[in-house]
Amino acid sequence: MSNITAGITGVQGFLPEDILTNHDLSKIVDTSDEWITTRTGIKERRIMKNGASSDMAANAVEGLLKKTNTNPEDVELVILATVTPDYPFPSTANVLCDKLGMKNAWGFDLIAACSGFIYGISTGAQFIETGKYKKVIVVGVDKMSSIIDYEDRTTCVIFGDGAGAVMLEPNNEGLGIIDFILRSDGSGRNHLLQPAGGSKNPASYDTVEKRMHFVKQEGKQVFKFAVTNMAEISAEIMERNNLSSDDVDWLVPHQANLRIIDATANRMGLSKDKVMINIQNYGNTTAGTLPLCLWDYEKQLKKGDTLILSAFGGGFTWGAVYIKWLYNT
Ligand code: ACO
């Protein structure tokens, strides 16, 4: 086994300026600030009115390159997690590389919904650990407003738009991505999916009329799977690495629902002050939530801190990643 680990050497986020509050939503669908706040923890979310996922990603990655003092031509690989690509093809990763002059990088899009970022950094880490790659960028970005039905109160209150990106580089001090557990269960497509637009139901008048290009979710079913699996996998990665709750400095949970986050933290035996939470400001940005949490909390992170990243999403997909943080800000 190589002694090279993949460390996160920088993180940067991007959020569109336009804010959609619970109050705004209560004028569009039959809902209330009280319902949304108590059931989800969300107060407002950001909406990208003009532009695509690649524009949000480009904003985040441009900042990341600057922050890490990286020449765009030195980036070797870009993994972009999204369920809202600019096009079915080419990949948004390719569009992004073109926009920012990352001429020597190859890249691909990764579809794992809300688990996209943890799938992405686990994959990116493999290229670093071989010793062959020195600079890998992983982006989590979603323009959920492009696939949300603003006539469906059960989904439109949950999601928002945003992007986050990290740089992965080799580390020889035993810091960085230490372990990961990733899972999936394709039968979950029955409870959470975007039914049309792919090869099964190509776009037609019929699919548009039936609103099949929007996210469909059986919230209650998904909640049950999410709350159990996110909590269990987070506990599993702690046990596998002999980590007690005292050893964990931060839980970085996917921001889908405050009740799911609380259940995960409880299962891990963590107090609230160790849990990164920004769901109140951005809602569920799907692949964007975890890097946006790291970005928001970056100043509080210290070299050597133990982080557990944990997510559950459409697919179903879920998993947890154990990271030893690499730098002080
Ligand atoms: N405002 C007011 N009432 C509402 C709203 C709303 N926005 N939405 C639903 N309701 C109503 C329902 O119609 C229902 O009414 P009824 O009892 O008369 O039928 C009632 O509220 C309860 O509905 P539930 O669906 O049981 O509400 P729940 O407490 O489960 O909350 C929610 C819904 C927030 C969607 C929750 O189920 C959830 O968080 N699910 C998991 C989401 C998740 O983790 N998704 C995975 C990641 S997303 C991805 O991968 C793309």
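**Figure 1. Aromatic cluster of Trp 106, Phe 108, Phe 127 and Tyr 133.** Trp 106, Phe 108, Phe 127 and Tyr 133 are joined into a cluster by ring pairs. Rings of Phe, Tyr and Trp (its six-membered ring) are paired if their centres lie within 6.5 Å; planes under 30 degrees apart are called stacked, those over 60 edge-to-face, and the rest tilted. The structure contains eight aromatic pairs. This is a predicted model, in which local features need pLDDT of at least 70 and side-chain atom pairs count only at pLDDT 80 or more, while totals for chains, interfaces and linings use all residues. Residues are numbered from 1 along each chain as its sequence is written, and side-chain values use heavy atoms, with hydrogens and water left out.

**Figure 2. The aromatic pair of Phe 225 and Phe 316.** The two rings form a tilted pair, 4.8 Å centre to centre with 45 degrees between the planes. Phe 225 belongs to helix H8 and Phe 316 to the loop between E12 and strand E13 (317–324), so the pair ties together parts that are 91 residues apart in sequence. Helices (H or I, at least four residues) and strands (E, at least two) are DSSP runs numbered from the N terminus. Phe 225 is partly exposed at 30% relative accessibility, whereas Phe 316 is buried at 1%. Buried denotes under 20% relative accessible area, exposed over 50%, and partly exposed the range in between (1.4 Å probe, protein chains only). Phe 316 is also joined to Gly 315 by a cis peptide bond, with omega about -15 degrees.

**Figure 3. The tilted pair of Trp 325 and Tyr 327****.** The ring centres of Trp 325 and Tyr 327 are 5.0 Å apart and the planes lie at 40 degrees, so this pair is tilted. Trp 325 is buried, with a relative accessible area of 0%. Tyr 327 also counts as buried, at 16% relative accessibility.

**Figure 4. Residues around the ligand.** The ligand has 27 residues around it, of which Thr 31, Arg 39, Cys 114, Asn 257 and Gly 314 come nearest. A residue is near a molecule if one of its heavy atoms lies within 4 Å of it. Domain 1 (5–174) and domain 2 (178–324) both contribute to this shell, so the ligand lies between them; the domain bounds come from an automatic or database domain assignment. Helix H8 gives the most to the shell, with five residues.

Figure 5. A polar side-chain atom of Arg 39 is 2.6 Å from a ligand oxygen atom. A polar side-chain atom of Trp 35 lies 3.4 Å from a nitrogen atom of the ligand, and a backbone N or O atom of Arg 153 lies 2.9 Å from a ligand nitrogen atom. Taken alone, the ligand exposes 1000 Å², of which the protein buries 77%.

Figure 6. Most residues other than glycine have a negative phi, and most peptide bonds are trans. The peptide bond from Phe 89 to Pro 90 is cis, with omega near 5 degrees, and Pro 90 lies in the loop between strand E4 (77–81) and helix H4 (92–100). Asn 69, although not a glycine, has a positive phi of about 55 degrees; its loop runs between helix H3 (53–67) and E4. Asn 242 likewise has a positive phi, near 50 degrees, and is found in the loop between H8 and strand E11 (250–253). Asn 69 is exposed at 72% relative accessibility, and Asn 242 is exposed at 68%.

Key:
A polar contact is a pair of N or O atoms within 3.5 Å; within protein, one must be able to donate a hydrogen and the other to accept it, and residues adjacent in sequence count only if both atoms are side-chain atoms. Accessible areas come from the Shrake-Rupley method with a 1.4 Å probe; for residues, only the protein chains shown count as cover.
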